[in-house]
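Please examine the sequence and the structure shown here. The briefing that follows is arranged by topic.

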Amino acid sequence: MFPEHGMIWKDLERELWAARLEDVPWQRGWDYMYWPETEGNLGLVAKAAADQIDNQRILGRKGNPSALKVEGEVQAMVKQILGAPDGAATTLTAGGTESNYHAVKVARERARAERPDLESPEIVVPYTAHPSFDKAGQILGMRVVRVPAGTDFRADVAAMGAAITDNTVMIVGSAPNFPHGVVDPIGELGALAQSRGIRCHVDACVGGFLIPFLRDIGQNVGAFDFSVAGVGSISADLHKFGYTPTGISTFTLRDEADLVHQRFAFGDWPYGHYQTDTFAGSRNAGAVAAAWAVLKHLGAEGYREKAEQIVAVSAALQTGIEAIGGLTVIAPPEAGILVYSSDEFDIVAVADGLAERGFPSRWAKAPPAIHLLLSPLAIDPIYTDYLAALGEVVSGVKAGTIKRVSAEAVYS
Ligand SMILES: Cc1ncc(COP(=O)(O)O)c(C=O)c1O
């Protein structure tokens, strides 16, 4: 309720703390479906940086050199991490959904400019692509064609090629996809796009700030960035494995000339020329300052260390899960997501039993499977506790003492 009389901070603080007690204990490394929050010292650095330029705006930043500085430096660091060539352009957005929206908009506007006769531009995406592409399609009035993925859960390049028509303006690959955590064959998708004269966008919202460092430490993850010919744009979320507070993603175009298709510009009103590269107008520069501080505080070395922790957590979980019996990791957990299932018993009942024991577990629909976001915080003893709980729950499900209570997989 909107109070008639203002409340003192102590009371507000108490109320917030009480509400926070209900939240998933991400500090234990168990994030449910959310991304590793900025823990400990990293969290303090992010908050302090955000406070420094809180209330500065990204729109109207000409009067705020501090906002311009952090924005420009984050853009430069992102381009470097993604291997962008000279002449690339990075936009800082509010989240992965917005970044993917820009990819679809650029494809539509560019096609309109080059092929004015094209009436119904379409995009072709693997069935595993994030729903934000359909959201963008709905907003932009474009058909989104979803093509079944291969049995390895990766984009089926031949099937995507067969789905391309004269109306297709862009294809998409994920690095990795969210439901199964595997990286699509981006090299082949880039080559396909080039051979058909259309755009290729990589949704690296999950892996954009993880895969480069996994590759650095010798992990065998496919190339997904601008080193791949034919990749025209990449979405990469800082607020996922960039470990920055929520509210910041990035959209990078290989060629800044395409910004004209992303940009909204308008002058027919009394106040003068209005221009934005993002969906929102005014935005608080605090999230950008926090990302700037986290990127610089960790440095490449810090990101490599976190990648190493994720690999260790992933290996321990995979071994432990498969040792229980009846459970299989369904795809290589190559980029921060581990998904496991069972042919022998109801995996949803397992997820429900885990939730009851303090390990809320998101499960995917097809195939039914438990979906884990790997956190560098989940080091021993956290995964040991998880595996112990999992073993108990599996015994309970097999014995019929633990049953499914959830109705359907929900992603919201
Ligand atoms: C592959 C992928 N793309 C895009 C998004 C959308 O990101 P956001 O929730 O930041 O809008 C997600 C979110 O989980 C994702 O996993």
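The buried residues of helix α11 are I347, V348, A349, V350, A351, D352, G353 and L354; a residue is buried if 20 or more other C-beta atoms lie within 10 Å of its own, exposed if 12 or fewer, and partly exposed in between, with C-beta atoms placed from the backbone. The model is a predicted one, in which local features need pLDDT of at least 70 and side-chain atom pairs count only at pLDDT 80 or more, while totals for chains, interfaces and linings use all residues. Residues are numbered from 1 along each chain as its sequence is written. Helices (H or I, at least four residues) and strands (E, at least two) are DSSP runs, numbered from the N terminus.

- Helix α11 covers residues 347-356, and eight of its 10 residues are buried, so the helix is largely enclosed by the rest of the structure.
- The cover over the buried residues of α11 includes β11, β12 (362-364), β13 and α12 (382-399); here, two residues are in contact if their C-beta atoms, placed from the backbone, lie within 7 Å.
- After α11 comes G358, which has a positive phi, near 90°.

- F345 is placed in the loop between β11 and α11.
- F345 is partly exposed, with 15 other C-beta atoms within 10 Å.
- If residues up to four places away in sequence are not counted, F345 touches G326, V397 and K398.
- F345 and E392 are 47 residues apart along the chain, and their C-alpha atoms are separated by 14 Å.

**The four-stranded sheet**

- Strands of a sheet pair through backbone hydrogen bonds, either parallel or antiparallel.
- Four strands form an open sheet in the order β10-β11-β13-β12, with antiparallel pairing; two strands pair if DSSP finds at least two bridges between them.
- Strands β10 and β12 stand at the edges and each has a single partner strand, so one side of each is left without a neighbour in the sheet.
- Strand β11 spans residues 337-341, and five of its five residues are buried, so this strand is largely enclosed by the rest of the structure.
- I337, V339 and S341 point one way from β11, whereas L338 and Y340 point the other way; all are buried.
- Strand β10 (residues 328-329) pairs with β11 in the antiparallel sense over two bridges, and T328 stands opposite S341 in β11.
- Strand β13 (residues 369-373) runs antiparallel to β11, and four bridges join the two.
- Within β13, L372 is the bridge partner of L338, and H371 is the bridge partner of V339.

**Strands β5 and β6**

- Strand β6 (residues 231-237) is mostly covered, as seven of its seven residues are buried.
- Strand β5 (residues 199-203) runs parallel to β6 and is joined to it by four bridges.
- The bridge partner of V202 in β6 is I234.

**The ligand shell**

- The ligand is surrounded by 13 residues, and the closest are G95, G96, T97, H130 and F178; a residue is near a molecule if its C-beta atom, placed from the backbone, lies within 6 Å of it.
- Helix α4 (residues 96-114) gives the most to this shell, with three residues.
- By class, the shell around the ligand has three nonpolar, eight polar and two charged residues. Ala, Val, Leu, Ile, Met, Phe, Trp, Tyr, Cys and Pro count as nonpolar, Asp, Glu, Lys and Arg as charged, and the others, Gly among them, as polar.

**The two domains**

- The domain assignment gives domain 1 (45-294) and domain 2 (300-399); such bounds come from an automatic or database domain assignment.
- The C-alpha centres of domain 1 and domain 2 lie 29 Å apart.
- In domain 1, 22 residues are in contact with 17 residues of domain 2.
- The side of domain 1 that touches domain 2 has 16 nonpolar, four polar and two charged residues.

**The protein as a whole**

- The protein has 12 helices and 13 strands.
- Of its 412 residues, 48% count as buried.
- The radius of gyration of the protein is 22 Å, which agrees with the value near 22 Å that a compact globule of 412 residues would have. This radius is taken over C-alpha atoms, and the globule rule is 2.2 Å times the number of residues to the power 0.38.
- Along the principal axes, the C-alpha atoms fill a box of roughly 70 × 60 × 45 Å.
- Among contacts between residues at least 6 apart in sequence, 71% join residues at least 24 apart.
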